[in-house]
Amino acid sequence: MNLVAATTSVPGAWYLAVAAVLFTIGAVGLLSRRNVLVMFMCVELMLNAVNLTFVTFARMLDDIGGQVLVFFTLVVAAAEVVVGLAIIVSIFRGRVEGATADSANILKG
Amino acid sequence: MLELVWLIPALPLLGFLILVFGGKRIGEPNAGRLGAAMVGASFLVTVGVFFDLLSRHGEQRSFTRVLFTWLPSGGLKVNAAILADPLSITMALFVTGIGTLIHIYAIGYMHGDERFARFFVYMNLFVFSMLALILGDSFLTMFLGWEGVGACSYLLISFWFERDSAASAGKKAFVVNRVGDFGLMMAMFLIFSKAGSLTYANVFEFAKAGSFTRTAATAACLLLFVGAIGKSAQLPLYVWLPDAMEGPTPVSALIHAATMVTAGVYLMVRIHPLFLVASPNALHVVAWVGALTALFAATIACAQDDIKRVLAYSTMSQLGYMFLAVGVGANTAAIFHMVTHAFFKALMFLGAGSVIHGMHDEQNIKKMGNLRKWMPITFITYLVGWLAIAGIPPFAGFWSKDDILLAAYRDNKVLWLMALFTAILTAYYMSRQFFLVFFGKERFLHDAQTVAAIGPNDAHVRDHPHESPPTMWLPLVALAGLALVGGAINLPFNAKTEFLGKWLESVDLGGRPILAGGALKYGLAAVTVVLGLVGVAIAYNFWLRTNDARAQAALEPALLQRAYGVDGLYSAVIETPGRLLSAWLAFVFDRKIIDGAVNGLGLVVRFAGGKLRKLQTGYVRNYALGIAGGMVLLLAYALARAGIQ
């Protein structure tokens, strides 16, 4: 009970603010960095910022749907890791050194 | 017997179906025998129907046999029905009768042709179509036959399509006939829109009730006449008929002399009730076109050298007589002349075919001469045809032509004079041809020097003209008999001897023209005969007796030899502009505008693509920026909307 009371005492907006900060860090990182692995981690950061928002709203609106959606995000993120890491590995394997996202550019028009 | 009337068209159709699928296997000469037998059987049925009708009287003489409903389509209901009345059975009698003779003749004439069986396929299809045209009980069944004979005409004119001239003659006939058919179709649309039916009986009932406006009836009559002009080779749509002589001679005899080209006259006679409610000017147009064509074609025939072209122009001229008769209200005389003309013109064409056959495909009458010695049977039969067309009594042509002249005299003296002058010309040009072919010097024989030069065994020297085989001369003899006594079907002495007139009475053809008194009648007949003899005498004098080359050349002015240059005129006015227009459409409009539009569209897409491909940089960060930017825009939009609300 105590725990619940303690948690409810923190306003929902704080959580949302943290999520927004996290998302912004992820987005900026994704756009500004060239290292594929770092960009990948930024994507994870953005996903988790969204997850946090979902959970917060689920709590604030007393709707379990938000929490359920988080599970979907987790599953998709897991699948993304599987595929994404495989791509990253193949990018690194093809380059001698200093492989960046920009070195995979043969599909340019 | 009347119930069996459907057999008349069905038998040639059966022959067509058998020959089209098994003709090649049946082969020569049985394919020809089968074709002839089918038409012959059809003739026997027609004779049976004729006698059955003859035993009836008045209204009973018109019998309609509905086979099935052909087109049940809304307000338009057309039956496949056969109308057996004196008019249609008269037509059917000579179509099947002469058709049989010509089929028999063709067995001999087409001997050795590699497409022997196919010839009879077309011929049987033609007879079927012609019978559908004649026996149909509505404008649409008539039109079915009308187009059927047109198609067969095309197929048979270009039967020897390896020859360029034959192929293009076929096309010419087809295209020129389309112009006429257009008029016929417009007439049918008009009649249907006014009367709501295309069946003769309903339409004529409607006309008799006075429900056609005068304008509508006049327009319908004139449009139908346009169709008749095309099919019956009248001015100005006649140009295809002389060229149609490229077809085998039996075709010229059957289709382009005896039967198909008379379809226009039949149509004009059939729609007599419509003419009654139309303006009298409609009939005047028919009469004048007929008289002008008769005169025009007769002058051209005087200067032609091809034995078949002379006959072709002569056919046009005689068809002009028939239209003249229709135009002056003498429908019976038109039908009478149609029948006798079918006899003697089929005879002359078949005779010409026999001459061509005997002369080894020589058609120029200037290269013939004295053939009476080599081809006695052809000579005798041709003699009968010549006298018949020249209007010498008692041969068939005299009686029918005299009827027409009499009717023209009663109606309009100018028309009569034109017809009379045509009669002199007819006698003249037929005599010219007759003397050149059968009398005089044997111009095909080479003199001693030439023989010595090319050797006595050369084909040109060795092959003398020869008489044709019996399959060819037997029909000639039969037709000569008909051309001799054919006039007996309508002798003008008194009402009793006018058999054809009485027989056709029950069909509403309008009264036979009241005959002038005895003295005038015999006087006019005497004038006609004397003038005919004058024509013969002129021909005899210049082409046989004096044989003076300069006088002969004066009688054949270049203008007439070129047939007034009408072909050249048509090609200058219609063909050349058409060709230029087509060339412009093909090489300018199509290349520049159509192709330009298509290629231009391609270029635009290609250019735009070239520019837009730059967006695809290949850098993930650019795409990510795009997604982020898009996201920001969407959010901004959503917020703005939320703000407004």
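1. Contact range in chain A. Among contacts in chain A with a separation of 6 or more, 49% are between residues 24 or more positions apart. Chain A has 109 residues, of which 10% are buried. The structure is a predicted model, and the points below should be read accordingly.

2. Secondary structure of chain A. Chain A contains four helices and zero strands. Read from the N terminus, the order of its elements is α-α-α-α.

3. Confidence in chain A. The mean pLDDT of chain A is 84, with 87% of its residues at 70 or more. Among the elements of this chain, helix 2 (residues 12-32) of chain A has the highest mean pLDDT, 92, whereas helix 1 (residues 2-9) of chain A has the lowest, 52. Where pLDDT is low, the predicted coordinates should not be read in detail.

4. Helix packing in chain A. Helix 3 (residues 36-61) of chain A and helix 4 (residues 65-94) of chain A have axes that come within 9 Å and cross at roughly 175 degrees. Because angles over 145 degrees count as roughly antiparallel, helix 3 of chain A and helix 4 of chain A are roughly antiparallel to each other. On the side of helix 3 of chain A, the contact includes A:Val36, A:Leu37, A:Phe40, A:Leu47, A:Phe54 and A:Phe57. Helix 4 of chain A contributes residues including A:Leu69, A:Val70, A:Ala77, A:Gly84, A:Ile88 and A:Ile91. By class, the residues of this contact of helix 3 of chain A with helix 4 of chain A are 14 nonpolar, six polar and one charged.

5. Overall description of chain B. Chain B has 645 residues, and 50% of them are buried. Its secondary structure consists of 27 helices and two strands. Along the principal axes, the C-alpha atoms of chain B fill a box of roughly 115 × 75 × 50 Å. Of the contacts in chain B between residues at least 6 apart in sequence, 80% join residues at least 24 apart.

6. Confidence in chain B. The average pLDDT of chain B is 87, and 96% of the residues score at least 70. Among the elements of chain B, the lowest mean pLDDT, 55, belongs to helix 20 (residues 459-462) of chain B, and the highest, 93, to helix 4 (residues 116-135) of chain B.

7. The strand pair of chain B. Strand 1 (residues 63-73) of chain B and strand 2 (residues 76-84) of chain B run antiparallel and are joined by nine bridges. One bridge pairs B:Thr64 with B:Leu83 in strand 2 of chain B. The two strands form a hairpin with two residues between them, and B:Gly74 in the turn has a positive phi of about 55 degrees.

8. Helix packing in chain B. The axes of helix 11 (residues 263-270) of chain B and helix 14 (residues 307-327) of chain B are 10 Å apart, at an angle of about 5 degrees. Helix 11 of chain B and helix 14 of chain B are therefore roughly parallel to each other. In this contact, B:Val265, B:Met268 and B:Val269 of helix 11 of chain B meet B:Leu319, B:Met322, B:Phe323 and B:Val326 of helix 14 of chain B. The residues of the contact comprise seven nonpolar, no polar and no charged.

9. The interface. Ten residues of chain A are in contact with twelve residues of chain B. On the side of chain A that touches chain B, six residues are nonpolar, two polar and two charged. The model scores ipTM 0.79 and pTM 0.79.

Notes
Residues are numbered from 1 along each chain as its sequence is written. Chains are lettered from A and ligands numbered from 1 in the order in which they are written. This is a predicted model: local features need pLDDT of at least 70, side-chain atom pairs count only at pLDDT 80 or more; totals for chains, interfaces and linings use all residues. pLDDT is the predictor's confidence in each residue, from 0 to 100. A residue is buried if 20 or more other C-beta atoms lie within 10 Å of its own, exposed if 12 or fewer, and partly exposed in between; C-beta atoms are placed from the backbone. Two residues are in contact if their C-beta atoms, placed from the backbone, lie within 7 Å. Ala, Val, Leu, Ile, Met, Phe, Trp, Tyr, Cys and Pro count as nonpolar, Asp, Glu, Lys and Arg as charged, and the others, Gly among them, as polar. Two strands pair if DSSP finds at least two bridges between them. Axes are lines fitted to C-alpha atoms, for helices over the stretch in contact, and angles run from 0 to 180 degrees between N-to-C directions. Angles under 35 degrees count as roughly parallel, over 145 as roughly antiparallel, 65 to 115 as roughly perpendicular and the rest as oblique.
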